[in-house]
Amino acid sequence: MIDNPLQEGTSEVNRSGRRHRVKVSADGRGVVSHAGTALLRELATETGLAGAVSGALLDTYRGLPLHMPGQVFADLAVAIADGADAVSGIGVLRDRQALFGPVASMPTAWRLLDRIDEPHLERVRAARTAARERAWAGGAAPQGSGELRIDFDATISIAFSEKENAAATWKKTFGFHPLLAFLDRPEVAGGEALAGLLRAGSAGSNTAADHVQLLGMALAALPAHARPRPGDPAGPRVLARSDSAGATHAFAAACRTRGVEFSFGFPVDQRVQNAVGLIPPECWHPAIEDGDELREGAWVAEATGMVDLSAWPEGSRLVLRKERPHPGAQLTFTDVDGHRITAFLTDTRPGVICGQAAGLELRHRQHARVEDRIREGKAAGLRAFPCRGWQENRAWLEAVLAAADLICWAKLICFAHVPSLARCEIAAFRYRVLHAAAQITRSARRTCLRIDRTWRWAAHIAEGFHRLRTAFA
């Protein structure tokens, strides 16, 4: 618009547009983007992830490699955290050698994945466990003496080309059906990726043998002091949570054998529907939310003695919840008197969890957070597997899990005091931290990384580096 109606000439809009037009040239020096990824790369070094993976894979080389395999694996995990969905994504670090130094090329990263066969994959997993133990010692350990909650769930990863063991899925798509285990870390609205089992697309959702195998892998991924000790009531308490796909007798028995409590979704069959109608109104108690607030329109009751549970481990308990469906929701044949009915099975003893049945129901309902972990995982390498070979894709999955761990540990160690960074999802974390711009300067034989001071989170990123180095000093 024109500020002065008597003024002649071109309108303010056009003049303003020309005034804000910047001159563009390609002669900038010392400028680097994706500066925040240096934090994850340094974290991979400080936790010993890079060194431990190098020790696991060095015997696959004839001599000393130019790029240590652990550093290549760590760089690939950092690139995945930064948004890479293929091996070529390692170029995001290679293109910034002023910040990262020499970085392996894409063919080198491909060859690394090809070297990780079954025996070496076990070694890489052991290296990740050692890194987790050091990360926990550096400040990423769960606070307090409460139970550790491991969430099990499967997802579909679409394959858009012919890949080994890719197959039709139960969703009428084509690809893989990996089964995953995450350690719930609600303090940062995230989770540690303990283990993952890559499976063909035709794998079943409730295959007990896969759940049992993944349980062993997840427990092995915990630091030794955090693993349950069967028969020792003073040992760490670990809970396995799953939807009804995990509610198999074999999985429940495996949990009991390993000293792990369980909380499984239970199918709402005719027995459960009959039990709902037999429970007196006074036995239904209001469901609760975090902070002991009541959940409006939802009630909980225990139905252990009303359904035959003799085939399940001794002490198993059945808890039901009925809830009014939200407006517009379609009722199903399992609904009773207009209420949505859900059920779960647990072997947690009475009095262990506050709130009795309502507390148990809240704890099981929080299993839904694993859907967020998988959704974020699909934004960080889990959406599709880039390799044609089965073994290479299994190695890629391990790098994806390592990337999830690095992000979670960075939030816990570096940004726990900044809720906007500790509790944000992966897309926001990339925008706020990983993709920050900076300038590289050198003085007094020191290289300095100067985060753009106009960036809203610049001070927090700089403090995050200091917290990381203090934690592992």
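User: Is D405 buried or exposed, and what is its relative accessible area?

Analyst: Buried means under 20% relative accessible area, exposed over 50%, and partly exposed in between, with a 1.4 Å probe and protein chains only. D405 has a relative accessible area of 1%, so it counts as buried. This is a predicted model, in which local features need pLDDT of at least 70 and side-chain atom pairs count only at pLDDT 80 or more, while totals for chains, interfaces and linings use all residues. Residues are numbered from 1 along each chain as its sequence is written, and side-chain values use heavy atoms, with hydrogens and water left out.

User: Which residue does the side chain of D405 meet in a salt bridge?

Analyst: A salt bridge is a side-chain nitrogen of Lys or Arg within 4 Å of a carboxyl oxygen of Asp or Glu. The partner of D405 is R132, at 3.0 Å from N to O. D405 lies in helix α14 (residues 390-414) and R132 in helix α8, so the pair ties together parts that are 273 residues apart in sequence; helices here are DSSP runs of H or I with at least four residues, and strands are runs of E with at least two, numbered from the N terminus. R132 is buried, with a relative accessible area of 0%.

User: How many salt bridges does the rule give, and which other pairs are there to look at?

Analyst: The count comes to 34 salt bridges. One of them joins D59 and R123, whose closest N and O atoms are 2.9 Å apart. D59 sits in the loop between α3 (49-57) and α4 (69-81), whereas R123 belongs to helix α8 (residues 118-140), so this pair links distant parts of the chain, 64 residues apart. Both ends are partly exposed, D59 at 48% and R123 at 38%. Another salt bridge joins D269 and R271, at 2.9 Å from N to O, with D269 partly exposed at 25% and R271 at 39%. Salt bridges with shared partners also connect E122, R125, R128, R132, R185, E187, E192, E398 and D405 into one network.
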